[in-house]
Amino acid sequence: MITLTPVAASLIGAALGGLVLLGTGLFFAGLRLRGEARAVLERAARLDGLVRECPAQALLVASDGGVQLPRQVQDWLGLPRPAAFLADLQQGETGLSPQDLAALTADVAAAHKAARPFERLVRAQGSTRQLRLRGGRGQGGVVVWVFDETENAATVERLSADAAQAHAAFDALTALIEAAPMPMWYRGPDLKLMMVNSAYVAAVEGADADDVLARGLELVDEAALTTALAAREQGRPVSTTLPATIRGARRMQRLYDVPLPGGGLAGFAVDIDDLEQAQGDLKRFGEAQRGMLDRLSAGVAQFSGERALIFANQPFQRLFALPPDWLAQRPEFDRVLERMRDAKRLPEVRDFPAWKAEHRDWFTAPGQIEEAWHLPGGTHLRIVAQPMPDGGLLLIFEDRTEQVQLASARDTLLRVRTATFDNLFEAVGVFAADGRLQLWNNRFRLAWGFEEAYLASHPRVDALAKAAEPKLAKPGKAVLISEMVRSATLDRQQRGGRLAFADGRHFEFAAVPLPDGNALFTMIDETDSRKIEQALRDRNEALEAADRVKTAFVANMSYELRTPLTAISGFGQMLEGGLAGPLPEAAGGYVRAILEASERLGTLVDNVLALTEEGRAPPVAQAQVALAPLAERVAAKLRPAVTARRIDFAADLHDAGLLSGDEEKLAQMIENLLRHALSGTPEGGRVLLRTDREGERARIIVSDNGRGMTKAAIARAFDRFAEPAITRGGERALGLGLPLARQIAEAHGGAIELLSERGQGTLITVTLPVRP
């Protein structure tokens, strides 16, 4: 058994304690080092992830030529095995080309020696991949960053081709504009000239384009800027016709201004002076030709290229018994034939549709066509059809009845003449040059109620007029018969008129001078048309009376609405004023809503009363009114409503001068226009109020970009009490504001115009005379 002395035991204990403390310290030091090692590993992992995700890969080249090549770069170059040295970046037909490898080696050597950075674009052999190498000296060698530029290079190549094509197109367009024979120009957003062609320089007699741009020479006066401004504001091409002095001569030019997406405007001018002169000459020639044709004895009818009747002289109308008012409607060729057939003024055929189609081909015939018609009444017509260059047709109807009759015996001629006269639709009488009645038909005898024996005595026209006096509603009108026959026989003038008979019949009569010196007196019974006209007039009066009753009823109802409306408004104001004690906040809101509704209803009642004045202009108090301040006050009044609906409201108010009128009614007109615009504009829309002056007229313009109006809605926009057009699709309702606005504008000597397009918005313009 070992016996330890106290000193030895103490030394041993101290040694053991020191060992324990040393072990403990080493233990904690190991823990700390393990934590730092874990942090280093995590950081290395993050850096490795960043390197893998980086679009560029790092290639490290040592001073001895050794390389550290990332796997991604090896794949980009298509190398079958990793490269240990710089020369290994070319492996047979893969990797870099010999030229690219030599250039890269030189760049790396320069970076090693002079620390000179470099950048180079290389291509992998056997592929279309392009790599951008960007290197510089770093710690431990040269660091070369490798970027895959394949996609970027393709994009750059495509954009370069597009740019080259655009430059070529621009050069071609510039050459075309420069070579154009018409003046062409380009204006910047500030409407100043930025480019002109040679034709423009020659027109304004400038030295060159730079001289024209420096001096700001306009082709036309400042009115051209007005057209450019209108095109920019409207956002669409605008044209106008203005005179311009070109090379010392005053010529008419048609100017076109076209807004461009960049804010500028392109324009060109077309010389239409020769065109207008040619059109004027053509118009005068046509009028002279028609005047000549109207004086022909033959019937002449002219049809347009659309096959509508555009001219028919008097003989044609008499020949085919076509009323002038019907001919004025420009009937088509087929309708004229059908009307002539109904009047028995066409040859009788079995298959009329086929006959009509055959004659319709006259419009496209290669030359002149002649045809003879034998009408049921014994009339022989020679028809000449001449196709016109414009696709129309000229028809000449020559009555050859007399020539055919002269070839027959006198008795046959008399029978044919008598049968012809008796079968005419008109009542016809022929007076000789001495005023005696020579021929007449049965309709003539029945129309006047004369005995056959009396007419067989061949009375003079004066005696016949005397005998006709008792048969007329106004006996004094009988003298017209003798005057017209005398005018046709002696003065050779054609005259016409109307006579009303005592039994209620009405006749249209005419005295036409005949080639042999006689006068043809024709009478057409228009009693039925007069009766229809009177029936229409009576119906119109009944409708007007019904409208007056409706207007009176609306006015009375409006007056009746005032009493309860006044009570509602009064009690609402008392509640708001606290006469019934303090109100809760919610109740106060209700009261304000009641007052607003009462005010709106009161305005509607006033509008109804103003529109029930039977079309009379409302009384206007004459006073000087400044339009711009008045519009500003109306706009301020409506701003709360605009704000509540989140509408962009802009007021562009320019000095429009002083008006002479009623300030209150003018304010009401502007408010109605603004409310109409607000009612058709959804949330987020835009409403513009503008005032300006144009010459001696002040303008008020209200526009919006709302839903717009249909053509049917525009047609009845200004009708009083028109039926509101409200659909599930949000169609704008037509109220009383627009009719009342027009009534106020017209009462002040002005006018109102409405333009609208479905889905594009509405523009209303009011013009008023400015006080001198």
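Guide: Happy to! A term to begin with: two strands pair if DSSP finds at least two bridges between them. Strands (E, at least two residues) and helices (H or I, at least four residues) are DSSP runs, numbered from the N terminus. This is a predicted model, where local features need pLDDT of at least 70, side-chain atom pairs count only at pLDDT 80 or more, and totals for chains, interfaces and linings use all residues. Residues are numbered from 1 along each chain as its sequence is written, and side-chain values use heavy atoms, with hydrogens and water left out.

Visitor: Okay, what is the bridge partner of Leu242 in S11?

Guide: That partner is Gln253. Strand S10 (residues 238-246) and S11 are antiparallel, with nine bridges.

Visitor: How many residues sit between S10 and S11 in the hairpin?

Guide: Two, and Arg247 in that turn has a positive phi of about 50 degrees. Most residues other than glycine have a negative phi.

Visitor: Where is Arg307, then?

Guide: Arg307 is in the loop between S13 and S14. Its phi is also positive, near 65 degrees. Arg307 is partly exposed, with a relative accessible area of 28%; buried means under 20%, exposed over 50%, and partly exposed in between (1.4 Å probe, protein chains only).

Visitor: New topic: rings! How many aromatic pairs are there?

Guide: The count is 17. The rule is that rings of Phe, Tyr and Trp (its six-membered ring) pair if their centres lie within 6.5 Å; planes under 30 degrees apart are stacked, over 60 edge-to-face, and the rest tilted. Phe333 and Phe363, for example, are edge-to-face, at 5.2 Å centre to centre and 90 degrees between the planes.

Visitor: Which parts of the chain does that pair link?

Guide: Distant ones: Phe333 is in helix H11 (residues 333-342), while Phe363 is in the loop between helix H12 (352-360) and strand S15 (369-374), 30 residues apart. Are they buried or exposed? Both are buried.

Visitor: What about Phe501 and Phe507?

Guide: Those two form a tilted pair, 5.1 Å centre to centre with 55 degrees between the planes. Phe501 is buried at 4% relative accessible area, and Phe507 is buried at 5%.

Visitor: What sits over the ring of Phe501?

Guide: The charged end of Arg505, 4.8 Å from the ring centre. To count, NZ of Lys or CZ of Arg must be within 6 Å of the ring centre and within 35 degrees of the ring normal. Arg341 likewise lies over the face of Phe352, at 4.3 Å from the ring centre. Phe352 also belongs to a cluster linked by ring pairs, along with Phe316, Phe320, Trp355, Trp373 and Phe397.

Visitor: Let's switch to sheets. What is the strand order in the open sheet of five strands?

Guide: The order is S24-S26-S27-S29-S28, with mixed pairing. Strand S24 (648-653) and strand S28 (751-757) stand at the edges with a single partner strand each, so one side of each has no neighbour in the sheet.

Visitor: In which sense do S24 and S26 pair?

Guide: In the parallel sense, over six bridges, with S26 covering residues 686-694. Within this pairing, Leu653 stands opposite Thr691 in S26.

Visitor: And which strands does helix H21 lie across?

Guide: Helix H21 (residues 627-644) lies across S24, S26 and strand S27 (697-704), at about 175 degrees to S24. Axes are lines fitted to C-alpha atoms, for helices over the stretch in contact (heavy atoms within 4.5 Å), and angles run from 0 to 180 degrees between N-to-C directions.
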